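Open the model in your viewer and keep the selection tool ready. The tour below goes stop by stop.

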Amino acid sequence: MGVNIEKVFGDNVFDDSVMKVRLPKSDYEKVKVLMSEGGEITEQLADVVAQAMKEWALEKGATHYTHVFQPYVISVGAGKHDSFASVPDDGEIENTFTGKDLLMGEPDASSFPSGGLRKTSSARGYTAWDITSPVYVKEDTLCIPTAFCSYTGESLDTKTPLLKAMHAVSKYGVRLMRLFGHEDCNRIFSYVGPEQEYFLVDKNKYMKRADLRFTGRTLFGAMPPKGQEMDDQYFGSIKTRVKKYMNEVDEQLWKLGITCKTEHNEVAPAQHEIAPIFAISNVALDNNLLIMDILKKTADKHGLVCLLHEKPFEGVNGSGKHNNWSLTSDTGINLFKPGKKPEDNKLFQLVLACTMAAVDRHAVLLRLAASNTGNDHRLGANEAPPAIISMYLGDQVEDVVNQIIEKGEATSSLSSGELDFGIKKLPNLQKDPTDRNRTSPFAFTGNRFEFRMVASSNSIGDVNTVLNAMMAEQFEIAYEELKDAEDLDKAVTEYITKLMREHQRIIFNGDGYSNEWTVEAKKRGLPNCRSIVDAIPALTYDSTIEMYEKFGILSKQELEARKEIQLEQYANIRNIEALTMIDMANKLYIPAIINYTKQLADTVVSVKSVGVDASVQTDILKDTTEKLVKAKKAAVNLKAVVEEASKKAESQDIAIAYKDDVMAAMAELRKPIDELEKSLPKEMWPVPTYGDMIFDS
């Protein structure tokens, strides 16, 4: 029997309905004001809330509490768990949790990436309660979403910059709205709905693959006779074992108040997707962190392993995290909604023009924010958007934009129309105003933008920080340009036209996978960062520093530190991958191949001894030995190349060496071993193959 969603939804969340019952009315109202408008949380109010939280959590079976935070570039959450139990003077155990415990924590920050912001000896860090994100009980622990900073105030997480960017886009978005006569607008909300893709593999097989355990992806592996070419996995029937897993994931997420709506098989074998309903950006960040955590932990209960790496298997589609993003006023106006007559909707046109300018100006920064090392294996293949940032608008909106660019205004718009199946028993369907473009990294989908480039294992904090910051910047520029206009309508029309003409190069509605687009994008002057290493310098572009410092999101020093962290992260990941390859080659593959050649050699001798033709066995032995020699030479070479790369003096040079030299040497080692996998007897191959893993979950 299925779970009653209405009964379990939000059961483990200290949400509005719980606060309303457990807090005194006056304190409840104060908390609601703080959640919507901000302000100082007094210690007295924090004590009242903490007491209510503690009693509620104890009733849920909680024994500990923790401040949950997300360190920069670390895709899993962190937290220090403290027990409620204390020992008073009389020796009796009591459960205590004060307002101070709720408001702040003090985790050791010395071992998290700092990029030189702190000395090794500088250990103190602070977590601060994010009152706008719900507190919840999970695994007998009261979990408090927080922001994380160093002793000297630098941001060490992905949430703090996001909260600042959300404030900035709200502040300047409200100014623009009021310029258009919406005087009752007081806030602009940033919403996100991240679609999470992942792979499931059998745990027993996973444990036999050192590359999966150490790096999250297979570093060796030949494609089986069948992959995804039949297109029979996508939206196909979900296997019983996987369905049971999904059901348990749903139940846990529903109890945590996460509105997971959609789940299905993805394109690749063993690949799946889960998608929640939209939430405020910082809450969506916390929710996505929970989703990734629950996906992984629940898999273990079912004898499975959840892989969140962007490309765990070469030759089949990798995983992304489509970041559906929108801006909406507190009066219910979606800034990205064209309306029935987009040709007359000046607010939509202005917001769209600002978006075009923002994406064009910060294209490389967006490319970086959406990526990690694993995403380099995914972007540009026929499964994900290319590494070139462009915007897809669809026929209706693109037509409006073209009219404005050509004539200075739009006078009409294309109708979406109806879809007639030509079968009387089927209904005619009202079509959406625009089709979808799966090859576009930044696609308009009717009332929001879907940023399809985001890496599946990434935090969504960075990308939504950039999206909100760049819009705040353009809203401020637009407001300053228009606020003193004598004829506002005329000034708005002219400004929209100016922006769209200046940034029309960013619009592309065609096939992003085509070779022609790469050539065309180069002609337009659009950046094409094929690797994250090429995009990391965007953190310290003048345009980035100016934008982030203007809104108090990140300082130049913090950005320089994050650049250093990203470069070091890339080199460390590639180093682990290279060392894992060498270890597997020397300890698993080469010994197995040597054992096979010995059997072949013995067979050749035996066959020849009885006067029978052994040419087939001899040819196989010769071919196998040649590939074995190549594999051993490649392993020795890879070790030397890694050592040489690590000797570089600058972090940028080290990262480049790993990107160019080490990756090339890794490919040379993989090639002969993957070829040998296809020819050795299955029982002699030392690890589970792709066919074993992706077709048996």
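## Stop 1: a charged network

Select Lys138, Glu139, Asp293 and Lys297: a network of salt bridges links these four residues. Keep in mind throughout that this is a predicted model.

Now step along to Asp140. This residue sits in the loop that joins strand 8 (135–138) to strand 9 (141–150). Check its backbone: phi is positive, at about 60°, although Asp140 is not a glycine. Most residues other than glycine have a negative phi. Is Asp140 buried, partly exposed or exposed? Its relative accessible area is 44%, so Asp140 counts as partly exposed.

## Stop 2: another positive phi

Go to Ala270. Phi is positive here too, at about 70°, and Ala270 is not a glycine. The residue lies in the loop between strand 11 (260–265) and strand 12 (271–276). Ala270 has 8% relative accessibility and therefore counts as buried.

## Stop 3: salt bridges across the chain

Side chains of opposite charge can pair when their charged atoms come close. The count for this model comes to 34 salt bridges.

Start with Lys159 and Asp286. Their side chains form a salt bridge, 2.6 Å from N to O. Lys159 belongs to helix 6 (residues 159–179) and Asp286 to helix 10 (residues 281–301), so the bridge ties together parts 127 residues apart in sequence. How accessible is Lys159? Its relative accessibility is 2%, so Lys159 counts as buried. Asp286 is also classed as buried, because its relative accessibility is 14%; the cut-off for buried is under 20%.

Stay with helix 10 and select Asp300 with Lys203. This salt bridge spans 2.5 Å, N to O. Asp300 is in helix 10 and Lys203 in helix 7 (residues 203–207), so distant parts of the chain, 97 residues apart, are linked. Asp300 is partly exposed at 43% relative accessibility. Lys203 is partly exposed as well, with a relative accessible area of 29%.

Finish with Asp534 and Lys659. Here the N to O distance in the salt bridge is 3.9 Å. Which parts does this pair tie together? Asp534 lies in helix 17 (residues 532–535) and Lys659 in helix 21 (residues 651–677), 125 residues apart in sequence. Asp534 is partly exposed, at 34% relative accessible area.

## Stop 4: the cavities

Rolling a probe the size of a water molecule over the atoms shows where empty space is left. How many cavities of 30 Å³ or more does the whole structure hold? The search finds 4.

Select Tyr72, Asp462, Val466, Leu539 and Tyr548. Of the 13 residues that line the largest cavity, these are the closest to its centre. Now colour helix 12 (363–369), helix 14 (461–482) and helix 19 (556–609): each of these elements gives two or more residues to the lining. What is the make-up of that lining by class? It has 9 nonpolar, 2 polar and 2 charged residues.

## Stop 5: a nonpolar patch outside

Turn to the surface. Select Leu419, Phe421, Ile423 and Leu426. Together they form a nonpolar patch with about 360 Å² of accessible area. Zoom in on Phe421, found in the loop between strand 17 (418–419) and strand 18 (429–430). Its relative accessibility is 46%, so Phe421 counts as partly exposed.

## Stop 6

Select Lys407, in helix 13 (residues 394–407). With a relative accessible area of 53%, Lys407 is exposed; the cut-off for that class is over 50%. Draw a line from its C-alpha atom to that of Ala592. How far apart are the two C-alpha atoms? The separation is 71 Å, for residues 185 apart along the chain.

Last, pick Lys647. It lies in the loop between helix 20 (615–646) and helix 21. Lys647 counts as exposed, at 63% relative accessibility.

Notes
Residues numbered from 1 in each chain as written. Predicted model: local features only at pLDDT ≥ 70, side-chain atom pairs only at ≥ 80, totals over all residues. Heavy atoms only, no water. Patch = residues over 30% accessible without salt bridge, like charges linked within 9 Å, V, L, I, M, F, W, Y side chains within 5 Å. Areas by Shrake-Rupley, 256 points an atom, 1.4 Å probe, with all protein chains shown as cover. Helix = DSSP H or I, 4+ residues; strand = E, 2+ residues; numbered from the N terminus. Buried < 20%, exposed > 50% of the residue type's maximum accessible area, 1.4 Å probe, protein only. 1 Å grid on protein atoms, 1.4 Å probe; cavity = no way out; pocket = protein on both sides within 12 Å on 5 of 7 lines; lining within 4 Å. Points joined across faces, edges and corners; volume = space filled by probe spheres on them. Nonpolar A, V, L, I, M, F, W, Y, C, P; charged D, E, K, R; others polar.
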